[in-house]
Structures are given as structure tokens and as C-alpha cells.
Amino acid sequence: MTATLRGAIFLCGIFLVSLSKTAGQTCRGQCGHILEECSCRTTCVSLLNCCADYNQSCFQVVPHSSSMLGGRALRISSLVLHPGGSLLCRFKGEIEREGFIDAEGHAYCISPLLYETGWIPFAVSTNGKTFDRSGEYLSVHPSKVDPAFEVTLVNATQWQYYGTPNMAGRLKMTWNSSLIGAEKVNVELWGYREFSSSAEVANGSLQAELRYLYSLSRNISNTGAFSFIPVPSQDYSDWELGNIRITASSKPDGARDVQGLWSGGHVLAWHLEQAFRDDSAAWAKSKCLQWDVLEKKLPNFLDELIDCPCTLAQARADTGRFHADYSCDIERGSVCTYHPGSIHCVRAIQASPTHGSGQQCCYDSTGALMLTGDSVGGSTPDRAHDWGAPPYREPPRVPGYSHWLYDVMSFYYCCLWSDRCHIYFNRRPSSRCQNYEPPRAGVVLGDPHFVTFDGLSYTFNGKGEFYLVSSPDRELSVQARTEQVKLKNGTLARATWLSSVAMKEKASDVVEVRLSEGQLQVLRNQKVLPFSEQRWMDLHGVFVFAPSPQDVTVIFLSGAGVEVHVREGTMAATVLLPTEFTNHTQGLLGLMNSNPSDDLVTQAGEVISSADATSEQIFTFGAGWNISKKSSLFTYDSEYLLDNYYFPPSRDPVFIPAFSLPEGPDDPLVADMLRVCFGEGAKFCEYDTLTTRSLTMGNATLRAYQNHRAQTAALEPVVSCGWLPTPRNGKKNGTHYLEGNTLSFTCSQGYVLYGSTERTCLKDGTWTGEQPYCITDDNVGFVLGAIGSLSALVTMGVMVHLHNRKQDREKKEKLDQMVTQEQTC
């Protein structure tokens, strides 16, 4: 142990002492704290200064995630108890459930039914009184659960349309029998509803309820498959949404929070009343009309939704505000059941602030935004966001289920089971995109090179911890750590690269994304997040999406997003900011105001001219944006980080990079470098190749720069003139409404078109021409006559007006003459 490390830990209030000395210090009830002589914080594991009972008191669970419906056995790692002992689990400080201990002494808690997602704290007690051992698990949206842990409804279309014409027969389900751990099982139906204790539905007093209804079968062999012929329910037909659950037969019917497997939430067409089977279209039409009446009583939610991006490219690039819709994702094969004709849909990540509503935007194969005015596959907003909205738990913010009740069930009523889709679209019209404003992107990549939000490119090779973006007004901080590049021969280059990015907005969790053995590691409040089971995590005030160990996106409530990628062992980070951050940013990515000339602004407010700034001046500028120890968001959980970043100044004052790279004709790298480094970004590629002596590194830098250029191109603003309706009794040729697009109109046989046959979208956002109408031959004369009469009336009115003005003017002139004569007299 080095003296420097001991000094650093001493300053932190941590003392490394022998095990005998720390034996009296306990982590029970102290998890997350640093005690006098040892630590109960997660970082103690890597710093080797944990209290003796840390692992048993501050436990981890396997698996670490569960559907919010519950029923998954969470094994508490490192906690070994007497097989005959008792275990009580308390979730969120209020929900108490019995746990169990297996024959080997392993302790388990069963995740409970919750109406929320995110990390759920819980504690356990072995004496039924003291809950002094704690951990947490991730509660996830039911649709994001690993399919291997679900009950699969075979032939989903049959389940979805059961009872409609020509849709009958046996329904089948399957599951992984080994996950139940019993020879006999029960098959149960649970129903979901949201109800109000008062007569007024819109008064905000709704409550969520997932209730056991009845068992489809009991005490059957756990073969992993079950089929049945459903019959209409007499007593529970008003429950139209629900789930299947499989549990051990040893459990009582409908027992809550016991180990079991759930199906996905689905419409319960197969158990609806006999009237549905007798005439499903009439039944659904009635339901659609009832829904329409209810919608009239509910508050308008459309006005507070963000506009959709105008193009598919914008939608996929704006990762701070939009995310792929799991039901229609181009990366998963574009199975768009509810939006036929679409190849990709996105949802606004944030629910609307007042009503918890969601925006959905769908795009066709040309990349154009699809609208319900043109197609049943058009984009539809949601009164209840599919992913729920903090604080969750209460309607209409319950993840998944509120959305089903408010937005999906009605689609079944009006569109899938009857022909009243126009009623649905009237209440769920597509968002247009005239007010959509794409975000601005700034990036750090390579050794490291920066491209500001306004497009200024420069290189800064400081070593330490710096502000990428600081926005005190918006309370956003994005910090970057750089370290010296190590060459293959073990020597250190006179250049640095990005090794970690830490960030926070307002009171959100602190998220850090850092390079670890060639992959990205994500930390939340100094604790490593596991992504082995889930790719998406709801955190406090922030979301994290990790589709692979090489790609992580962090999304804040403001719509700010940070994308981190690693390629060939090199990190790159892109910060995306919505236009609300204009004139509210500072740091290495500059002042976002569309003016690159003032991007090099020091902390003191001095602007360095980018046109004639030397490499040394840029280095001085960048070094001035080092963070203070007090403002650091980074985690220091190793001897290396303590010695190199925590204890020393936040910027290494000794390190001086190579400001210029002379290219000698005898350098064997130059010829290959020129073949690799060409086009936009070639200068960055050449610098990194020669500095690191690696063509791979140079090529990774070039690819990162090209990806940034592609993203900024995708986010370029476009002009939309808005949707144009199809004339009644006519046709519209085209459904694209952006600048330069032309739509043509024709009429059906027996009708004559009046108005413009073509209309073109102009760069000012307006259409040329006039709205076309299709009228019958018999009415042409009448219409033209009416128009002629109207024109005559207008002309007469203008003439009368001009005559009156002439008379008024003559009267005024006579009056002026009389006044003049009087004054003369």
C-alpha cells in the first residue's frame, strides 16, 4: 500500500486496519455509509476496506431483475442461514412478505407485485423485528422481461381475435417448467382494471388493481404446456385485460407474491361474454362509442406533447428524446402489428408533465412520417405513456397497463373488432412535425478531438478531468476524464484519450460510463450497474440504455442525451442537447448558439479567436476547464484512480502533449496512413495514427468522426408544410409533406376538380395553390354561379366602400376650405 494511497484514504475518512480492529464495526443498517474504521459503501470491495460483515449486510441478489408483476425468487448472495430458520422480506419499507431458506441455507425473497419500474430497495429480517440487512433489485416493465421467463401465448393472433368470426378452437400456452420447481401446477387468470371510488372518473382518484379471477385448471402436470377451449365468462366478463399465471399447486388459488410465471398482458377476448361471440362487431362498436363519450369528458392531452421528428433519420438520431418502440423496431424485423405499412416507430422517452401521456411516431420505407389522415398505420399519440411515468403506481401512470386501458383496448374496439376506426383516429390524431426542432450534437473522440455544438473542430490533449458541458442554469453537468495513451510497447505517448464520462442533471442519480477492459462499464451513484439481464434501466431522474457492452446512451428528463461508444478500445462521447439549452452551455463543447467563432470561451468569460488560435492557446483554453474536487462526479474505487486522479490536481500540470507531428519521408507508417486517412476527418486520423503509432487507432478515429458527421446530417432541420386532406370523392397522389414535395389531386368519375390540381411545399412552410374540391357535373354551374354572384357582391361592396370614401374626402375638403376662409377673415 503506497503512502499516497493511505493519504488519500485518510482524507476520505477511511482507515485501513487489520480485521481484528474492524471486527466491532458492522454494516447492518449502515449500507452506503463510511464508518470510522471501515466502509459499507460499494467501492469498499475494490478498495479492500469493507467492514467484516459487508457482504452479508449489504447484499446483492441473483437474478437482479424481475417483472413488476413479481413472482421471481431473488437469491441473496453471500447470506447463508440455518435451513430451519425464518426470513421476512420488506420491500420499499412497507410491503412485507415471507421469504424462504433452502436446504443449503440459501436465502430467497419473492419479488412482489408492484405498479412501478426502477430499482426497488428492500431489507430482510431473520428475527421478524430488525430489518438491518439491505439490497435492491430492478423492477422492469412487463414487456421487457426476458421471454424465457414468461408464459408464451402460442399463436398470439388467435388469442387476440378469439370469438370474432372464424376464430375459435383450442388456445395453447407454454412455459419453462424448470422455473416453477413443482410437479403439479395451477393455471390462473388475473384481471387488471383501474377504478374510482367516486362517481367522477376524471377527478384523479383512480386506483390500479391486478386481481385473481379464476383458475383455468388446477393440479395439472408441470409439462410446460397447456391448452384449453375457452368458454364465455358469466361473472368476470367486464374484466377485459389481464394475464395468465402459472404457480405450484401447493400454493392457494390467487395467492399473492408467490413464485410463479406470468404471461404478457393481453386483451381477454377469449373469455368475454356470449354477446361478444354472437356479434363481435356490434359489441365492439358499442364499446367504441362508449369510449368516445368517455374521452370527451377527459382533459385534452395532445397540446402538451412534443412534435414528432419529420423523418426517420431524425427520429433515430434524436436519442435524447426518442427511443425505438418495441412493438415496431427496424432492428427487430419491423413487426408492426398496430401500424401496418410502417417499418419503424419511436416513442417519446419522457411522458408529458401534466397527464403522463406519450407520443408515438411511425415511418414508412421512404423514411416519411406516417399520419392517420392517410393510413390506419399512421402515428398515434397515447393518453397514457406505454412505459409509465414517475412516480408510477397510480393511474394513468402505471407502466404498460394504463396504456392498454386508455389507448390499446379502444383500438381493438374501434379498429380491429369493428369498422369505427375513424372514431379512434379522431381522438388519437397523428402529431405533425412543423414545430419539431432537432437537437444539437457535440462530440469528443480519438486523441481527443472535439467538435462543438456549433461545428468548431479542435484538438485538446490535456490529462485530467474536465467539463465537457456545464450548464448551471439548467443544472446539467457532463464531465470527461482523459488518460495518457499507452503504446503497444508499454511506453506512454504524448497524447491522451477519453477514459470515462460522468454526468448528472438536477437531483438525478449520478451516472458514469467508463472504459474497462475494452468494454463500457456503467456506474450509478458509485455502484456498477449490471446489464446482463436488462438493456434499459429506469433510474432516478435519468434513463440508461445499453444495447451492447460497446454502446451506452444516457437520457435525462430535460431531453439531453449522452451517447458513449467504444471502438477498437477507444471511447467517443456525443452530447445531444435540445434547443432549450441555447446560450446556456459552456465547457469544452462550447457555447451552443449557432456561432462557432465564440466557442472557445474560458471560465473567466474570455473569448479566444478560433480563426488564429495556436495549439498552445487551445491547450491553455482546454486546461482551464478542469473540474474541482468538490464538483467531481467520478468514482475513485481503485488505487490507480486515487493515486492519479483523486489525490493529485484534477489536471496534470506536468503533462505536455505533442502539438505538432513532423511527418518524415522515411516513416514507415506514412504511406499506409495516407491510404487509411482520407476525406473528412483525415487530419484527426493522421494525428492519431502518428501519435499512437497505430493504424487501427487512426481508423477508429476516422470512423467515429464520420459517424458524427452522419448524425449531424440526420439532425439537420427540414421544413414541413403540414398535412393536406384528400378531397372528398377524389384522390391524393403522395403523402410526403416536406419542402420540395408536390402533391397532385384527381376526382372520381362523375366529379370535376375545382381548385389546384397540384400543390408544392415551399421553403417558408406554406403550400402553393388552393385546396381542391370534387363536385358533380350537375353542381358545377351552380357552384360557379354562386362564385360569380359572390364575386359580384364583393365587387359591389368594394365600389360602395370607395364611393363612401370619396364622399367623406369631398366633405372634409369643403370643411377645410371653410375653416381656411374663416381664419383669413
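Which residue does a disulfide join to Cys747? The partner is Cys774, with an S to S distance of 2.1 Å. The notes below come back to this pair.

1. **What you are looking at.** This is a predicted model, in which local features need pLDDT of at least 70, side-chain atom pairs count only at pLDDT 80 or more, and totals for chains, interfaces and linings use all residues. Residues are numbered from 1 along each chain as its sequence is written, and side-chain values use heavy atoms, with hydrogens and water left out.

2. **The sheet.** Look at residues 730–733, which are strand β35, and residues 742–747, which are strand β36. Strands here are DSSP runs (E, at least two residues), and helices are runs of H or I with at least four residues; both are numbered from the N terminus. β35 and β36 pair in the antiparallel sense over four bridges. Two strands count as paired if DSSP finds at least two bridges between them. Within this pairing, Gly730 stands opposite Cys747.

3. Strand β38 covers residues 758–760. Three bridges join β38 to β36, and the two run antiparallel.

4. The three strands form an open sheet in the order β35-β36-β38, with antiparallel pairing. β35 and β38 each have a single partner strand, so one side of each has no neighbour in the sheet. Neighbouring strands are turned by 20° against each other on average, direction ignored. For such angles, axes are lines fitted to C-alpha atoms (for helices over the stretch in contact), and angles run from 0 to 180 degrees between N-to-C directions.

5. **Disulfides overall.** How many disulfides does a search of the whole structure find? The count is 14. A disulfide is a pair of cysteine sulfur atoms within 2.5 Å. Three of them follow.

6. **Cys747 and Cys774.** The torsion about this S-S bond is about -90°, so the disulfide is left-handed. Cys747 lies in β36 and Cys774 in strand β39 (residues 773–776), so the link ties together parts 27 residues apart in sequence. Cys747 is partly exposed at 21% relative accessibility, whereas Cys774 is buried at 10%. The cut-offs for relative accessible area are: buried under 20%, exposed over 50%, partly exposed in between (1.4 Å probe, protein chains only).

7. **Cys288 and Cys414.** The sulfur atoms of Cys288 and Cys414 are 2.0 Å apart in their disulfide. The link is right-handed, with 105° about the S-S bond. This pair links distant parts of the chain, 126 residues apart: Cys288 sits in helix α7 (residues 280–297) and Cys414 in helix α9 (residues 401–416). Is Cys288 buried or exposed? Cys288 is buried, with a relative accessible area of 0%. Cys414 also counts as buried, at 0%.

8. **Cys44 and Cys50.** Here the sulfur atoms are 1.9 Å apart, and the two residues form a disulfide. The link is right-handed, with 95° about the S-S bond. Cys44 is buried at 1% relative accessible area. Cys50 is partly exposed at 25%.
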